[in-house]
Amino acid sequence: MMGHGSNGVAHRKRLRQVPQLHSSGKEMIRIPKLIYLKMVEHAKKESPLECCGILGGRDHAVEKAFELQNVYQSSVRYSMAPQEQLEVFEKMEKDAIEMVAIYHSHTHTIPFPSETDVKLAFYPEVSSIIISLKEKDPVMKAFRIGREAICLEEIEVIP
Ligand SMILES: [Zn+2]
């Protein structure tokens, strides 16, 4: 079992129903432990290339993870395969869930959005999750990347 101590597992703060504040609203995303572990495994499996995927759910709570191909097959950037993206959107629509996050890995850098990540963040209402494999223990962090600011989001790992 890998550690997940630095990811706010024990936090029990409720998500406030705040409007779309870009810089000061404290947001949170909830990820079931099995999905969390699956994402880490995905990152490790693709390493040294960056992995990428989509998380579907409701109200900032993740219910499903979809692994996608990184069409760049690169260790410094990613792009989700468009056809797979379409299929995922169709599946989510069928399940009546929404895209709540996009995740990718940083295989040798810290879990913070790169310049490219910021440039390519098309969905400010969707969380950007980065799994860093830089250190021995993987670290996962979530962000909202807006035009004006990058906000750190708390990740709560739920049973
Ligand atoms: Zn990145």
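Is Ile145 buried or exposed? I looked this up in a predicted model, where local features need pLDDT of at least 70, side-chain atom pairs count only at pLDDT 80 or more, and totals for chains, interfaces and linings use all residues. Residues are numbered from 1 along each chain as its sequence is written, and side-chain values use heavy atoms, with hydrogens and water left out.

**Ile145.** I find Ile145 buried, at a relative accessible area of 5% (buried means under 20%, exposed over 50%, partly exposed in between; 1.4 Å probe, protein chains only). Ile145 belongs to strand E6, residues 139-145 (strands, E, at least two residues, and helices, H or I, at least four, are DSSP runs numbered from the N terminus). Not counting residues up to four places away in sequence, I list its contacts as Pro113, Asp117, Val118, Ala121, Pro124, Ser128 and Ile150 (contact means heavy atoms within 4.5 Å). Pro124 is 21 residues from Ile145 along the chain, with 5.6 Å between their C-alpha atoms.

**Zinc ion.** Asp117, which touches Ile145, also gives the zinc ion two OD donors, alongside NE2 of His104 and NE2 of His106, at 2.0 to 2.7 Å (donors are N, O and S atoms within 2.8 Å of the metal, 3.2 Å for Na, K and Ca; water is not among the atoms, so sites may look incomplete). I noted the spacing of the donors as H-x1-H-x10-D. His104 is buried at 2% relative accessibility, and His106 is buried at 3%.

**Helix H1.** I checked H1, residues 33-46: its 14 residues reach 20 Å from first C-alpha to last. Its buried residues include Ile35, Leu37 and Val40.

Technical notes. Expected span 1.5 Å × (residues − 1).
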